[in-house]
Amino acid sequence: MTGPHPHWVFADQLGPHFLAPGEDGPDPDAPIVLIEARSVLRRRRFHRAKAHLVLSALRHAADALGERARYVQADTYREGLAKAVGRRRVTVCHPTSRAALGLVRALPRVTVLPPRGFLVPFADFRRWAGAPGERRLLLEDFYHHVRRAEHLLLEPDGTPTGGRWNLDRDNRQPPPKGSATLPLPPPAEPQEDEIDRQVRADLDRWERAGEVGFTGRDGPRRFAATRAEAERALTRFVSHRLADFGPYEDAMLHADPWMAHSALSVPLNLGLLDPGECVRAAETAYRAGRVPLNSAEGFVRQVAGWREYVWQLYWHLGEDYRDANRLGHHEPLPPWFRDLDAEAVTARCLAGVLAEVRDHGWVHHIPRLMVLGNWALQHGWDPRELTDWFHRSFVDGYDWVMAANVIGMSQYADGGLVTSKPYAAGGAYLHRMGDHCGPCRYRPTERLGERACPFTTGYWAFVHRHRELLAANHRTAQAAAGLRRLDGLPELLAAERARGQSPP
């Protein structure tokens, strides 16, 4: 058989930038191989909405490619590749997980091309990081490096626009008092089509047959599954929501899961959007006077800073990183949390966030970090198991995404490699940054009695359990010292032991 070598794309490599020809790209006329491997869904119990989204995106990509697509449904990737190309040589862009990279490297006649969908090449990061132990891998330093390399929000003399690299201190406002929602149009919502309906019918059939099992609910699709939908989502965010993103970046409202967030992590992590086009759109909006600098910079920092950082750390830190457990946390995830049983929970913030994950497979970064992750940290849950839960339960969750986000940022299991202190907080923080506490049966300022906030009691129990480690860290030494002045500590610890891992 003659003609260009086929090019294989995974379900998170679906944008045009994965097909663009070039020195390290596929042939411009290459047939495109897309494989739907049932074994992926059998191996893990994914969120149903995530399974639907990924299969919908894969099938929509094949539909858009028309005759150029070679779409195969198979039990495994190996079987699917053999069906699609036989013994022909194929190319594939560097996959996003170690498991997938190991697979493609083990297959004969597969040429692995450099990764796409990220701004920073591996070699560039290695030069920046230097030899192991040569420098601290600080996000802020790396973020400056990316801004300079991409010339993002810079003045002609190379200084940061506005005089500061990081405007985070301008982006910590609580939600507007008395507002149930931000007065913003919602993110762009796609319209389901026949492909979506067929995916849902297939998932129903496989589930009835006992082949696969899921958590969560699969309602109407909320996130982009095509390039056109992703472009509309980006345009709507920049035009209608980005201006308010910065100030309320860390705020929460019970009735407004979106706030001013973009939710573009979903199409970005499917490969439908390229990070470069996202940050350029934000910078263009700022230069045109349509959004303030703190909002544009905050979004650029999330995409060109944090997203690039966790991608590079995934490969740089190696496979052993997922076993990091500096705090010695080994409690298994309780069934009520693992299965997204929001109705079992009384604490309004945790119940509301779990319900959003159950219904949509998505909440923004503060509920992830300061509600879900905070509760897990306080109660000593195994960080590796929690990482897998985030991977399976979120529509934008992938192995590379969750490693540093959960093990490092959320659970401090790496002992401070990614962040300088554990992100543990009591009810006072949640009350300040959200509106969940008002109707809740618990009071954020109370530590004892029936109305004691479980996040507040859990926080002090955590501080007590790790008091020596926290006392040695200048950012948490004050909290450790506060134990000496805390009234009713024995009673608080006894109440926490009595609660155990039951839902709060």
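In the predicted model, the second largest pocket is lined by 41 residues, and those that lie nearest its centre are Val 40, Arg 43, Phe 46, Tyr 77 and His 391. The volume of this pocket is about 1,000 Å³. Its lining draws on several elements, each of which supplies at least two residues: strand E2 (32–37), helix H1 (38–43), helix H2 (48–65), helix H3 (77–85), helix H4 (98–106), helix H16 (383–393) and helix H17 (399–410). When the residues of the lining are sorted by class, 21 are nonpolar, seven are polar and 13 are charged.

Strand E2, one of the elements that contribute to this lining, also belongs to an open sheet of five strands, which are arranged in the order E3-E2-E1-E4-E5 with parallel pairing. The edges of the sheet are formed by strand E3 (69–74) and strand E5 (110–113), each of which pairs on one side only. From one strand to the next, the twist averages 30 degrees.

Within the sheet, strand E1 (residues 7–9) pairs with E2 in the parallel sense over three bridges, and in this pairing Val 9 stands opposite Leu 34 of E2. On its other pairing, with E3, strand E2 is likewise parallel and is joined over six bridges, with Ala 74 in E3 as the bridge partner of Ala 37. Strand E4 (residues 90–93) and E5 are paired in the parallel sense over four bridges, and Val 92 is found opposite Val 112 in E5.

The burial of E2 was examined residue by residue. Six of the six residues of this strand are buried, so E2 is largely enclosed by the rest of the structure. Ile 32, Leu 34 and Glu 36 point one way from the strand, whereas Val 33, Ile 35 and Ala 37 point the other way, and the residues of both sets are all buried.

Charged side chains were considered next. Side chains of opposite charge can pair when their charged atoms come close. A search of the whole structure finds 38 salt bridges. One of these joins the side chains of Arg 221 and Asp 196, with an N to O distance of 2.8 Å. This pair links distant parts of the chain, with Asp 196 in helix H7 (194–208) and Arg 221 in the loop between helix H7 and helix H8 (227–240), 25 residues apart. Arg 221 has a relative accessible area of 6% and is therefore buried, and Asp 196, with a relative accessible area of 0%, is buried as well.

A further salt bridge is formed by the side chains of Asp 388 and Arg 392, again described by an N to O distance of 2.8 Å. Here both residues lie in helix H16, four residues apart, which corresponds to about one turn of the helix. Asp 388 is partly exposed, with a relative accessible area of 23%, while Arg 392 counts as buried at 10% relative accessibility. Helix H16 is also among the elements that supply at least two residues to the lining of the second largest pocket.

The side chains of Arg 172 and Asp 168 likewise meet in a salt bridge, at 2.8 Å from N to O; Arg 172 counts as partly exposed, because its relative accessibility is 48%.

Leu 153, a residue other than glycine, has a positive phi near 50 degrees, and its place is in the loop between helix H6 (139–150) and H7. With a relative accessible area of 0%, Leu 153 is buried. Met 259 also has a positive phi, of about 50 degrees, although it is not a glycine, and is found in the loop between helix H9 (242–245) and helix H10 (265–269). At 1% relative accessibility, Met 259 counts as buried.

Technical notes
Residues numbered from 1 in each chain as written. Predicted model: local features only at pLDDT ≥ 70, side-chain atom pairs only at ≥ 80, totals over all residues. Heavy atoms only, no water. 1 Å grid on protein atoms, 1.4 Å probe; cavity = no way out; pocket = protein on both sides within 12 Å on 5 of 7 lines; lining within 4 Å. Points joined across faces, edges and corners; volume = space filled by probe spheres on them. Nonpolar A, V, L, I, M, F, W, Y, C, P; charged D, E, K, R; others polar. Salt bridge = Lys/Arg side-chain N within 4 Å of Asp/Glu carboxyl O. Buried < 20%, exposed > 50% of the residue type's maximum accessible area, 1.4 Å probe, protein only. Pairing = 2+ DSSP bridges. Axes fitted to C-alpha atoms, helices over the stretch in contact; angles between N-to-C directions.
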